Amino acid sequence: MSLMTGDEKHGPAATSTLDVLWVLYDKVLRVRPGTVDDPGRDRFLLSKGHGPMAYYAVLAAKGFVPVEWLGGFGEYESRLGHHPDRVLVPGAEIGSGSLGHGLPIAVGTALGLRAQGLDDAAVWVLVGDAELDEGSNHEAIAFAGAAGIERLHTVVIDNLSATYGRAGGIAARFEAAGWSTLSVDGRDHAALCEAFDAPHPGRPHVVVARVEPKFS
């Protein structure tokens with residue numbers, strides 16, 4: 001991450017996600033550089049796309065993009081923009097950064113995979129707690145729970161930046177809609193891995209990853 005400069009105002013958005021991203025790509029996701037076009041791969045959608053430096057760093061560490069690209073982050077000729085672009089960044093499933101889009105897209109992706117009989121493919125989406133202020137996410141949460149979309153997984157980075165949120169309220173919001181829910185320390189790799197692997201038959205699953213407050 002130290003190779004990327006020029007977007008310091010979104011530094012907390014990146015550092016808050018680093019541990020979650022590493023555990024997902026190192027221990028959980030069934031996707032590798034050679035399988036980014038495999039229909040049966042797991043899908044990871046970065047909804048929290050306005051701070052993608054940690055995402056790019058993990059993709060580089062895992063061989064999806066060359067490490068040499070990191071030094072040009074945000075430059076005019078670089079593929080690594082201040083928001084990720086799915087047609088420019090190998091391994092990126094969506095273009096993101098507009099708050100509230102990722103979870104609804106993940107719901108549609110999971111439904112599409114289920115309709116094609118690709119039942120082994122999991123869909124993971126990472127959102128920020130402030131994104132849950134957006135109404136589109138409320139609709140996605142309600143629908144996914146009612147539809148029992150078991151292959152849908154959401155990770156919420158909770159750094160206390162939501163305008164309308166309340167402490168402890170994130171998991172309760174999902175649980176009320178029928179989701180399986182767990183809350184863990186977002187810096188504890190073992191706890192994250194255990195939470196990501198927790199069984200949740202017949203229900204979508206959310207992990208609330210608590211990290212230090214954004215402006216602490």
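**Exercise 1. Determine whether Lys62 is buried, partly exposed or exposed in this predicted model, and identify its salt-bridge partner.**

Solution. Lys62 has a relative accessibility of 26%. Buried residues fall under 20% and exposed residues over 50%, so Lys62 counts as partly exposed. The next step is to find the partner. The side chain of Lys62 meets that of Asp26 in a salt bridge, at 2.6 Å from N to O. Asp26 belongs to helix α2 (residues 18-28), whereas Lys62 is in the loop between α3 (53-61) and α4, so the bridge ties together parts that are 36 residues apart in sequence. Asp26 also counts as partly exposed, because its relative accessibility is 28%.

**Exercise 2. Describe the salt bridge between Asp42 and Arg30, and classify each residue as buried or partly exposed.**

Solution. The structure holds 6 salt bridges in total. In one of them, the side chains of Asp42 and Arg30 come to 3.1 Å, N to O. Both residues lie in the loop between α2 and β1 (43-46), 12 residues apart. Asp42 has a relative accessibility of 4% and therefore counts as buried. Arg30, with a relative accessible area of 42%, is partly exposed.

**Exercise 3. Locate the two residues of the salt bridge between Glu212 and Arg187, and name the network to which they belong.**

Solution. The closest N and O atoms of Glu212 and Arg187 are 2.6 Å apart. Glu212 is placed in the segment after β5 (205-210), and Arg187 in the loop between β4 (180-185) and α7 (189-196); the two are 25 residues apart. Glu212 is partly exposed at 40% relative accessibility. Arg187 is likewise partly exposed, with a relative accessible area of 26%. Finally, a network of salt bridges links Asp19, Arg187 and Glu212.

**Exercise 4. Classify the aromatic pairs Tyr56–Phe73 and Trp124–Phe196 by their geometry.**

Solution. The count of aromatic pairs comes to 7. For Tyr56 and Phe73, the ring centres are 6.0 Å apart and the planes stand at 65°, an edge-to-face pair. Tyr56 is in helix α3 and Phe73 in the loop between α3 and α4, 17 residues apart. At 0% relative accessibility, Tyr56 counts as buried. Phe73 is buried too, with a relative accessible area of 5%. Trp124 and Phe196 also form an edge-to-face pair, at 5.3 Å centre to centre and 75° between the planes. This pair joins strand β2 (residues 123-128), which holds Trp124, to helix α7, which holds Phe196, across 72 residues. Trp124 is buried at a relative accessible area of 3%, and Phe196 is buried at 3%.

**Exercise 5. List the members of the aromatic cluster that contains Tyr56.**

Solution. Tyr56 belongs to one aromatic cluster together with Tyr25, Phe44, Tyr55, Phe64 and Phe73.

Notes. Residues numbered from 1 in each chain as written. Predicted model: local features only at pLDDT ≥ 70, side-chain atom pairs only at ≥ 80, totals over all residues. Heavy atoms only, no water. Salt bridge = Lys/Arg side-chain N within 4 Å of Asp/Glu carboxyl O. Helix = DSSP H or I, 4+ residues; strand = E, 2+ residues; numbered from the N terminus. Buried < 20%, exposed > 50% of the residue type's maximum accessible area, 1.4 Å probe, protein only. Phe/Tyr/Trp six-rings, centres within 6.5 Å; stacked < 30°, edge-to-face > 60°.
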